Amino acid sequence: MLNVPDVRVHESFLEAMAEFRAEGRGDPVDDTMIGAEMREFSSSWSTPEGFAAFVAALRAQAAGEHLPAGFVPCTTLRWAKDHEYLGRIAIRHGLTPRLLEVGGHVGYDVRPTARRRGHATAMLRAALPAMRNLGISTALITCDVTNTASRKGHRVLRRRARRPTRRKAPLLVADREFGAGGVVGRGRRQNCGGH
Ligand SMILES: CC(C)(COP(=O)(O)OP(=O)(O)OC[C@H]1O[C@@H](n2cnc3c(N)ncnc32)[C@H](O)[C@@H]1OP(=O)(O)O)[C@@H](O)C(=O)NCCC(=O)NCCS
């Protein structure tokens, strides 16, 4: 289920972060959102107080509070079953010139031990109403052309998003894949969606 962050999945969250750490997240060169969160909060999030502060920071980001210059509000939602942390999706409320290039509206991750079970697909589907509620009528989703799993997930999202609902316009999803020199196209690009 998709939930706003709260302190209930603390233990499972820490286990999941250890899995991400083992695949290189949090390294100095990791410019993903999880990498940034690890650098800022991992020294304190093992304690209940530190974890509560991290959760509060995520909620503040969604409310647009204390944002660094040039950052837009961003809603993080957790994907969890009972008290097991499985992944998360970050929905940026708007786009900046940088997010237009790399990042787009959405970043998402599934913990390594829960992959290949359909969680990303289900999480993306479940996030569509939240995107609509944030006023995102066209979601820009960027992706590294080598990221097969992510590209497949995007196709699912696109299919699902095009299905019209009775009262709301369908959400349109645009993949952007960047070629050398920043030209938009089906070429190579340097970075994945700020997940
Ligand atoms: C990308 C990611 C979120 C996929 O999560 P997941 O829960 O394993 O994905 P799903 O199980 O929903 O699979 C989605 C599709 O990708 C396929 N897939 C998943 N992992 C794959 C892999 N490593 N190689 C090839 N295909 C893969 C699945 O078979 C499925 O396709 P199908 O519907 O045709 O069967 C996960 O691998 C991850 O967190 N990666 C690191 C962060 C990242 O890349 N985030 C995306 C940012 S753009």
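Modeller: By class, the shell around the ligand has 6 nonpolar, 10 polar and 5 charged residues. Here Ala, Val, Leu, Ile, Met, Phe, Trp, Tyr, Cys and Pro count as nonpolar, Asp, Glu, Lys and Arg as charged, and the others, Gly among them, as polar. This is a predicted model: local features need pLDDT of at least 70, side-chain atom pairs count only at pLDDT 80 or more, and totals for chains, interfaces and linings use all residues. Residues are numbered from 1 along each chain as its sequence is written.

Biologist: Okay, which element gives the largest share of the shell around the ligand?

Modeller: Helices (H or I, at least four residues) and strands (E, at least two) are DSSP runs, numbered from the N terminus. Those giving two or more residues to the shell are strand E4 (106–110), helix H5 (119–133) and helix H6 (148–162). The largest share, 5 residues, comes from H6.

Biologist: And which residues of H3 are buried?

Modeller: Buried takes 20 or more other C-beta atoms within 10 Å of a residue's own, exposed 12 or fewer, and partly exposed lies in between, with C-beta atoms placed from the backbone. On the other side of H3, Pro48 and Glu49 are exposed. The buried ones are Phe51, Phe54, Val55, Leu58 and Gln61.
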